[in-house]
Amino acid sequence: MNQQAGRRSSAAWALVITSVAGFMAALDNLVVTTALPSIRGDLGGALEDLEWTVSAYTLTFAVLLMLGAALGDRFGRRRLFIVGLAIFTGASAAAALAPGIDALIAARAVQGVGAAVMMPLTLTLLSAAVPAARRGAALGIFSAVTGLAVASGPLIGGSLTEHISWQWIFWLNVPVGLVLLPLARLRLHESYAPDARLDVPGTLLVSGGLFGIVYALVNGQADGWTSTPILAGLTVGTALVLAFVRHGITSKNPMLPMRLFRDRAFFGINVASLLMFLGMFGSIFLLSQFLQGVAGYSPTEAGLRMLPWTGMPLIVAPIAGYLSDKIGGRPVVATGLALQAVGLGLFAVVLEPGVSYAAQLPGLILSGVGMALYFAPAASVVMSSVRPAEQGVASGANNALREVGGALGIAVLGAVFAAQGGYQTPDAFTDGTVPALWIGAGAVAIAALVALLIPGRRHTGPVETAEAALTAKEHAPVAV
């Protein structure tokens, strides 16, 4: 009984620590957007400088996720989780203390480095601590928290900026990180991937490739899609990613074996994740601005009115995790993505300068339920589609594709918005937002169809059948 109680306590601590860390890392994707006018007033800077305060974090986060997962597998997941958390916490303090816009951008880039090391290891540490029978529910809670962070970034950032100061967007991370650091050291168990080795060529290829592509996506609108830097980023980045794919096929020990994508569950959930973040991230980016710039709400008021969307994961995601354990991840994921697509479509139908809040509610509620149904089982599908030794790599790949999808969503929907409308008048803003929302809804609808490629319950087996092996390997010495 004592051993069983100790295991439950260990699982509970792992859930709390990884969920809070995941919340901080996910929150900083969009938390700065509603604070940009205040930051510009204090620190100055041109429009592209303000854009970089958002994209510097997304860029380093996306391109280094795979490396973070590989380092954790090689040198210890708990150890690297603590390193990443320490970097993230220190960079948050540096951002709050930034004397100028360039220093803020640099601190945001370092924040992304810390998050990239920390984030892919959260799922691996949590999966190792929770018994397979309760893993779906635990991952559902974790996903509810991180999903809420992504969607509520504008609310939290706007509220802190409006009522205190923009610096508190970053100060908020510091005491939380300082509390988590000793807890992680004392309460998390160390684990390694058996025979893990660093894949230096693969790391350079994927990091360089994603850097080029994401750089082009986040700067394409400002620099021009046919400008030399953007075309070079897309061309060279794509070539390096293709070389990384070939490396994953031909290399003996690649950081991301391409054979993983032969598994329909792994392929389906990763493509669906990229498309989901494309549609959701870009839509939230525009809708949060619509509520402020067109509807006339303050940042806090706009965030509160989005709560039927942003707060829904706290209610629905744990239930969705339970359903995933009972009926499998495919129907829950596909249903969630379909509802998210319908919700975005409803927004596109009703949106106009004088739209009432009541008319927006159906879209808000459906989008919130759909997002929660997706987030909860998606993590479980990713982790159960690979062997335990490959879970760190799988988590890193999934998170990297989500971040690339988010950057692509802001770039594509932003380009549609700029081509069809603009910031000049409420009518112009609406004219640009509506077609962009239809693009977002279409991307998420395609994600729902792709999710149907995920096989049924038989793919929850590898984690369960290999649990004994994972436990045995937790403290195995790392190979040189």
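The model is predicted, so local features need pLDDT of at least 70 and side-chain atom pairs count only at pLDDT 80 or more, while totals for chains, interfaces and linings use all residues. Residues are numbered from 1 along each chain as its sequence is written, and side-chain values use heavy atoms, with hydrogens and water left out.

**Overall make-up**

- The protein has 20 helices and zero strands; helices (H or I, at least four residues) and strands (E, at least two) are DSSP runs, numbered from the N terminus.
- Of the 480 residues, 60% are buried, where buried means under 20% relative accessible area, with a 1.4 Å probe and protein chains only.
- Take the contacts (heavy atoms within 4.5 Å) between residues at least 6 apart in sequence: 84% of them join residues at least 24 apart.

**Helix α18 and its partners**

- The axes of α15 (residues 329-350) and α18 (residues 426-451) come within 8 Å and cross at roughly 165°; axes are lines fitted to C-alpha atoms, for helices over the stretch in contact, and angles run from 0 to 180 degrees between N-to-C directions.
- That angle makes α15 roughly antiparallel to α18, a label for angles over 145 degrees.
- The contact of α15 with α18 has 18 nonpolar, three polar and one charged residues; Ala, Val, Leu, Ile, Met, Phe, Trp, Tyr, Cys and Pro count as nonpolar, Asp, Glu, Lys and Arg as charged, and the others, Gly among them, as polar.
- On the α15 side the residues include R330, L337, L344 and F347, and on the α18 side they include V434, W438, A441 and A448.
- Helix α11 (residues 264-293) also has an axis that comes within 8 Å of that of α18, and the two cross at roughly 160°.
- This makes α11 roughly antiparallel to α18.
- By class, the contact of α11 with α18 divides into 17 nonpolar, seven polar and no charged residues.

**Helix α8**

- With 15 residues (173-187), α8 reaches 20 Å from its first C-alpha to its last, close to the 21 Å expected at 1.5 Å a residue, the expected span being 1.5 Å times one less than the number of residues.
- Its buried residues are N173, V174, G177, L180, L181 and A184.
- An α-helix has 3.6 residues a turn, so residues three or four places apart point the same way.

**Residue L155**

- L155 sits in helix α6 (residues 135-163) and counts as buried because its relative accessibility is 15%.
- Not counting residues up to four places away in sequence, L155 touches T300, G303, L304 and L307.
- T33 lies 122 residues from L155 in sequence, and their C-alpha atoms are 9.7 Å apart in space.

Definitions and conventions:
Buried < 20%, exposed > 50% of the residue type's maximum accessible area, 1.4 Å probe, protein only. Parallel < 35°, antiparallel > 145°, perpendicular 65-115°, else oblique.
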